[in-house]
Each structure stands twice: as C-alpha cells, then as structure tokens.
Amino acid sequence: MSKEKVLVIGASGTVGSSLVQELQNKDVEVVQATSRKPTSSHQVQLNLVTGEGVKQAFEGIDKAYLLSPPGVADQYSVLSPLIQEAKRRGLKKVVLMTAMGADADPESPFRRAEVELEQSGLTYNIIRPNWFYQNFNTFWVQGIVEQNKILLPAGNVKVSFIDARDIAAVAATLLTTDEFDNQAFNLSGLDAVDHSEVAQAISNVVSREVTYEEIEPEVLKAGLLGAGLPEDYVDFMLLIFGFLREGYNAGLTDEVEKILGRKPRGLNQYTEDFKKAW
Ligand SMILES: NC(=O)c1ccc[n+]([C@@H]2O[C@H](COP(=O)([O-])OP(=O)(O)OC[C@H]3O[C@@H](n4cnc5c(N)ncnc54)[C@H](OP(=O)(O)O)[C@@H]3O)[C@@H](O)[C@H]2O)c1
C-alpha cells in the first residue's frame with residue numbers, strides 16, 4: 001500500500017518545519033508547500049495570496065495542514081480557496097491552524113474560515129494555539145540581541161505561551177489518527193508567564209541582563225510599518241495585543257496533554273533550547 005501524502009502549507013515556517021519532521025518520523029510522505037522556487041522533489045510551489053499553484057498543489061494529496069501566513073489580515077481570503085480545493089478533491093482530513101480567541105468573534109476572518117471547514121463535510125481538526133514562545137527568537141529577536149530589551153505593548157499580564165514544537169506535534173498526531181476527528185482545540189503551553197518573566201528566563205541562559213519594557217501600541221505600529229508590514233496587518237497585531245493586555249491569553253488548557261499524552265514544554269525548556277538565538 002502506498003504511503004499517505006500530506007500537504008503542509010507554510011512548510012518552511014516555525015510550526016511547519018517541525019511538522020514536516022514529525023510527519024517524516026511517522027513515515028508519512030510530505031509535500032512541502034513554498035512560495036519560492038522548489039529545490040527538491042518534495043516541494044510544491046504555490047502563492048497563498050494570489051492563489052497561483054493552489055489547485056496543482058493538491059494533486060494526489062490525501063490530507064492537508066493549512067495556515068494563513070503572517071502579513072495577511074484577511075486570513076479568510078487565503079484559507080477559503082484551500083478549504084474549497086480540499087473539498088473538491090475529497091481529502092480524508094484537513095487540520096487548520098488559526099489562533100487562540102479566533103472563535104470569539106463570528107465575523108473575524110479566522111472564524112469564518114473555521115466555520116467554512118466545520119461545514120464543509122470534510123473530516124477536520126482546528127487548532128488554536130496561544131502566542132508562540134518562538135516569537136522571541138524570530139519577530140522580537142532584534143531588540144533582545146541589539147538592546148537587551150523586549151519592547152512590546154504587552155502590559156504586565158500572564159500569557160500561557162506555547163512552544164511551536166508542541167503545536168507541530170499536536171498537528172502531526174491529528175493528521176495520523178482519527179481519535180480526535182472533527183474537534184477544535186485551544187492550545188496553551190505549560191505555564192502562564194508575563195513578559196518580565198520571559199526576559200528573566202532569557203537573561204538566565206545568556207548570562208546578561210535582558211529586560212521587558214512596555215511600549216505604546218503606536219510605537220510598535222511605527223516599527224512594524226517601518227519593517228514593511230501592511231497597515232491592515234499591523235492594525236490586526238495591535239488589536240490582538242489589546243486582547244493580550246486585557247488578560248485574554250492567560251488561560252491554561254490541557255489540550256496538548258490530551259492529544260500527546262505528555263505535558264507541553266514550558267518557558268525554561270524553550271529558553272534553554274533556543275539560547276543560541278540571543
Ligand atoms: N506567532 C504567534 O504567536 C501565533 C500565535 C497564534 C497563531 N499564529 C498563527 O500562525 C500562523 C503562522 O504560522 P507560523 O509561524 O508557523 O508561520 P511562519 O513561520 O510565518 O511561516 C509561514 C510560511 O508560509 C510561507 N509563506 C509566506 N507567504 C506565503 C505565500 N504568499 N504563499 C505561500 N507560502 C507563503 C513561508 O514559506 P516560504 O518562504 O517557503 O514560502 C513561511 O515560511 C499565522 O496564521 C498566525 O496567525 C501565530
């Protein structure tokens with residue numbers, strides 16, 4: 001019998017790269033979607049924004065992992081064509097990653113995509129992770145390396161950050177079992193910590209002082225616009241930082257443990273494993 005073929009959207013990304021590994025370890029054939037020119041026969045080129053290559057990418061695919069890339073504020077416009085193509089092809093299963101809180105507003109683009117998948121007739125899972133720990137070694141790394149500071153409009157509230165490797169492990173399990181079919185999961189990490197605690201944990205592993213300094217949302221906005229992000233996406237970021245400051249991202253869930261049979265990683269594990277980044 002031939003192996004199942006799983007299409008991974010965003011395969012080179014933070015969650016996607018771990019997911020590819022996890023699936024290959026489970027002896028699954030992975031088709032890695034990229035916006036770039038493919039460099040291996042395991043890759044397929046598509047553009048999630050223009051839709052170019054989407055239909056071809058689903059050729060011969062059994063299951064798919066879907067996400068909308070950062071930078072796009074209307075995630076529905078990216079995800080709906082993928083869900084429609086999965087439906088047209090009669091895929092055996094789709095796992096969609098949105099974000100914790102996506103189901104709070106029925107009109108939000110993420111929620112509209114979730115509903116479309118729920119009503120598609122496809123077998124599915126939706127995973128809604130909290131803020132990733134890995135943001136500190138990607139999006140926010142420059143301030144830490146150059147100024148020893150985490151500069152964010154994040155208040156002093158707790159956030160139950162999740163390690164992206166655990167999201168990938170969850171997605172890999174959901175793509176290879178039917179035990180949890182047709183359910184949505186809100187994924188948190190092991191512990192809820194504030195940004196000063198993250199700064200302290202980074203300080204501990206790099207042996208220099210890193211601190212958290214709260215900034216005004218407008219300062220972040222100027223920085224993100226300066227980095228070339230589109231204004232509607234920057235406004236989306238400010239909106240979700242507002243929810244974070246209200247404490248909406250503090251809650252711990254046991255969903256990772258339910259699916260993986262082990263606890264998720266926490267802050268100290270993350271900073272230890274990523275200390276080279278800082
Ligand atoms: N970061 C967080 O704290 C957080 C929390 C909750 C939810 N999320 C959600 O997680 C998602 C991002 O996941 P991630 O961090 O794993 O992704 P990521 O690391 O940003 O990777 C996304 C990948 O998508 C590919 N890509 C970008 N633009 C593309 C395009 N136009 N067409 C095709 N491919 C494209 C890129 O790969 P190539 O260069 O190979 O094309 C990129 O590696 C977002 O939907 C975000 O809302 C994030």
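Let me start with the shell around the ligand: by class, it has 12 nonpolar, 10 polar and 1 charged residues. Here Ala, Val, Leu, Ile, Met, Phe, Trp, Tyr, Cys and Pro count as nonpolar, Asp, Glu, Lys and Arg as charged, and the others, Gly among them, as polar. The ligand is surrounded by 23 residues, and the closest are Gly10, Gly13, Val15, Thr34 and Ser35. A residue is near a molecule if its C-beta atom, placed from the backbone, lies within 6 Å of it. Helix H1, residues 14-25, gives the most to this shell, with 3 residues.

Two notes on the source. This is a predicted model, in which local features need pLDDT of at least 70 and side-chain atom pairs count only at pLDDT 80 or more, while totals for chains, interfaces and linings use all residues. Residues are numbered from 1 along each chain as its sequence is written. As for the labels, helices (H or I, at least four residues) and strands (E, at least two) are DSSP runs, numbered from the N terminus.

Now the sheet. Seven strands form an open sheet in the order E3-E2-E1-E4-E5-E6-E8, with parallel pairing. Two strands pair if DSSP finds at least two bridges between them. At the edges are strand E3 (43-45) and strand E8 (183-187), and each pairs on one side only. From one strand to the next, the twist averages 20 degrees. Such angles run from 0 to 180 degrees between N-to-C directions, with axes that are lines fitted to C-alpha atoms, for helices over the stretch in contact. Within the sheet, strand E4 (residues 63-66) runs parallel to E5 and is joined to it by 4 bridges. There, Tyr65 stands opposite Val95 in E5.

Next, helix H4, residues 109-118. Which of its residues are buried? They are Pro109, Phe110, Ala113, Glu114 and Leu117. Because they cover an arc of only 140 degrees around the axis, they are on the same side of H4. That arc is taken from the directions from the helix axis to the C-beta atoms. Buried means that 20 or more other C-beta atoms lie within 10 Å of a residue's own; 12 or fewer make it exposed, and anything in between partly exposed, with C-beta atoms placed from the backbone. The buried residues of H4 pack against helix H3 (75-89), strand E5 (93-97) and strand E6 (124-129). Contact requires C-beta atoms, placed from the backbone, within 7 Å.

On to Trp131, in the loop between E6 and H5. Trp131 counts as buried because it has 20 C-beta neighbours inside 10 Å. Leaving out residues up to four places away in sequence, Trp131 touches Val159, Phe161 and Asn249. Trp131 and Asn249 are 118 residues apart in sequence, yet 7.8 Å apart in space, C-alpha to C-alpha.

E7 and E9 run parallel, joined by 4 bridges, and Leu151 stands opposite Glu213 in E9.

Last, the backbone. Most residues other than glycine have a negative phi. Asn148, not a glycine, has a positive phi of about 55 degrees; this residue is in the loop between helix H5 (141-147) and strand E7 (149-152). Ser207 also has a positive phi, near 55 degrees, and lies in the loop between helix H7 (195-206) and strand E9 (211-214). Is Ser207 buried or exposed? Ser207 counts as exposed, with 7 C-beta neighbours inside 10 Å.

Methods:
Contact = placed C-beta atoms within 7 Å.
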